[in-house]
Amino acid sequence: MDGHKEYLSDIIEGKKTRFVIPVYQRNYDWKPEQCGRLFDDLVEVSKTGREEHFFGSIVSQTPRGERVVIDGQQRITTVFLLFAAIRTQVEKGVVKSQEEDLAEDIAEYYLIDARHKKERKLRLKLVKNDSEAFGAILDGKDDAYIQGSNVTQNYLYFLDRIEKMDISVNELYEAIKSLCVIDITLDPKDDAQLIFESLNSTGLDLSEADKIRNFVLMNLDPELQEIYYDDYWNPVERNTDYKVSDYIRFYLSAMEAKTPAIKKVYPAFRTYTTKKFHDPDGGVLSLDTKALFEELLNYSKHYKTCIHPNTGVKSIDSALEAIRVFDASVTRPYLLNLLEYRAQGDIDDDSVSAVLWMIDSYLFRRWVCGVPANALNKVFETLHGDVLKGVSDGADYAEVVKYVLTHKSGTGRFPDNEEFLYALDTRDFYRIQNRKLYLYDRLENGSSEERVSVVKGLEEGSFSVEHVMPQTLNAQWKETLGDDWERIHEEWCHKMANLTVTAYNSDYSNRPFEQKRDMRDGFRSSGFRMNHWIGQQETWGEEQLRVRERMLEEQFLETWPLPESSYEPSKALPEVAELDSDTEFTGR
């Protein structure tokens with residue numbers, strides 16, 4: 001490689017120089033905070049008369065008269081945006097230039113290459129969405145701006161700073177020309193991937209997905225990079241709501257039955273793919289990239305189904321949505337395998353639905369009973385593989401799932417009815433953070449075709465959790481509860497029997513029960529199913545609380561049943577447990 005000091009403006013201005021951000025790079029992610037520091041530095045350079053301001057290094061390859069940027073995208077893009085903002089403010093007359101042709105010079109020297117044969121003749125080619133945002137800026141059409149892009153937001157930030165700055169636009173322009181960099185160009189024989197990893201191991205905050213994208217795309221032919229990015233990587237990003245690092249972590253867990261640490265997803269991915277997708281004709285570290293991308297894309301579709309259930313089968317989608325609202329991302333390695341098993345035609349929809357509702361019961365019962373969640377990673381990493389051992393002996397998939405889950409012990413156990421109902425009778429159901437979204441949605445809607453938007457209402461604040469017997473008792477409530485009011489209030493206040501959902505919590509407050517019941521939109525006329533019985537009561541005290549608790553016990557057992565399996569393995573299925581868990585190993 002070769003490196004030497006250059007003024008950045010001279011590099012950009014060079015004939016036929018076009019900066020290309022390859023598709024394996026992350027998008028432009030500088031924010032106004034970083035842009036503000038650069039702008040402040042430039043103002044200081046101008047005021048102090050410094051001739052040079054060091055602006056880091058740029059690493060690039062130079063095939064066919066282009067500069068393919070390996071490192072330095074953020075700084076280069078920001079300077080282009082600053083040039084674009086100066087041009088705009090001069091053209092609009094927001095700032096006055098001492099040079100009559102400043103705006104035209106900036107466009108010709110730094111922004112547009114009129115002789116270039118490709119695309120829109122821009123001197124900077126960014127990654128897909130960023131490229132569209134930059135093009136809209138240079139077109140000058142405000143209504144076409146992509147407001148969600150950092151490119152757009154930083155450009156707008158520079159417009160504002162230029163309008164308010166206390167130096168002239170010509171002084172700012174000269175300060176930009178003082179930016180110098182160490183310009184490093186790579187030889188064709190240099191390993192761009194290794195150099196990139198070395199540069200980014202000591203400072204830049206690359207996500208695990210950034211490293212993975214670079215690993216699989218960087219050493220491909222540029223045209224193939226574009227094709228694979230468009231056909232595979234970008235769809236994977238969309239399918240995962242652009243949380244690719246999270247997705248690949250669960251994907252690896254589904255493939256290998258072990259979950260890598262959050263900050264070690266990239267090395268785990270590299271090890272896994274090099275082993276599984278090794279291309280024997282392409283060298284020691286060569287990958288069958290197309291096969292890898294096809295698998296990543298395929299499983300990303302299942303991941304999308306987990307976060308946005310839309311299989312078209314109502315019972316499956318309802319169960320997946322319940323698991324999503326419960327915030328049980330720990331289940332995703334198993335769900336990826338289950339949905340792939342379904343896609344291959346190895347399990348019917350009724351069985352998939354049964355399995356998903358069983359997992360819903362498993363998760364909820366454990367939460368209600370306060371069972372530690374530390375065992376769940378291993379449970380859902382290994383569940384599909386354990387079940388397939390039973391299926392290979394001719395058993396039904398759903399029956400084996402029931403058997404495996406109900407035969408877990410220790411912190412992996414499926415709480416039985418006695419433990420479940422004891423927890424219902426004793427735990428505080430009011431202070432449960434976001435689990436209230438899941439709980440009241442399931443209690444209100446169950447399997448009904450007519451659904452109330454409980455989750456949305458609680459999230460937006462139009463619905464709220466209401467204590468029928470209020471948290472603060474006034475004299476009338478104390479009189480209603482009788483001489484033992486203090487014990488009753490302490491024992492029952494936050495139990496499930498005393499809680500419900502309303503759309504008018506602030507109106508209910510601590511009014512007497514009769515007023516809460518009969519007021520406009522009170523319990524008697526409530527649109528919530530769970531309030532119908534409450535609205536029929538003449539008063540509210542310990543007797544009503546006990547009756548409602550028994551009703552809720554029945555509803556809980558019906559909504560979250562304990563499965564019973566007819567399956568008995570011909571030989572004991574292996575159970576995987578950590579040695580430091582509380583699993584009982586005696587005699588095993």
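Start with strand β3, residues 53-61. Parallel to β3 runs β6, and 6 bridges join the two. Strands here are DSSP runs (E, at least two residues), helices are runs of H or I with at least four, and both are numbered from the N terminus. Two strands pair if DSSP finds at least two bridges between them. Select V59 and look across: I184 in β6 stands opposite.

Before going on, note that this is a predicted model, in which local features need pLDDT of at least 70, side-chain atom pairs count only at pLDDT 80 or more, and totals for chains, interfaces and linings use all residues. Residues are numbered from 1 along each chain as its sequence is written, and side-chain values use heavy atoms, with hydrogens and water left out.

Now select β6, residues 179-185. Of its 7 residues, 6 are buried, so the strand is largely enclosed by the rest of the structure. Buried means under 20% relative accessible area, exposed means over 50%, and partly exposed lies in between (1.4 Å probe, protein chains only).

Zoom out for a moment. The protein has 27 helices and 8 strands. Of its 588 residues, 52% count as buried. Take the contacts between residues at least 6 apart in sequence: 71% of them join residues at least 24 apart. Contact means heavy atoms within 4.5 Å.

Next, go to I137 in helix α5, residues 128-139. I137 has 2% relative accessibility, so it counts as buried. Show its neighbours, leaving out residues up to four places away in sequence: I137 touches L81, A84, R87, Y145, V151, T152 and Y155. Then pick L156, 19 residues from I137 along the chain; the two C-alpha atoms are separated by 9.6 Å.

Show side chains where the two helices meet. From α11 come D246, Y247, F250, Y251 and M255; from α13 come L292, E295, L296, Y299, S300 and Y303. By class, this contact of α11 with α13 has 8 nonpolar, 1 polar and 2 charged residues. Ala, Val, Leu, Ile, Met, Phe, Trp, Tyr, Cys and Pro count as nonpolar, Asp, Glu, Lys and Arg as charged, and the others, Gly among them, as polar.

Stay on α11. Its buried residues are V244, S245, Y247, I248, F250, Y251, L252, S253 and A254. Their cover includes α9 (208-217), α10 (222-239), α12 (265-276), α13, α15 (332-343) and α17 (376-391).

Last stop: backbone angles. Most residues other than glycine have a negative phi. Select A257, which follows α11: its phi is positive, near 60°. Step back to Y242, in the loop between α10 and α11. Y242 has a positive phi near 65° and is partly exposed, at 46% relative accessible area. Finish at Q433, in the loop between α19 (417-426) and α20 (435-445). The phi of Q433 is also positive, about 50°. Its relative accessible area is 63%, so Q433 is exposed.
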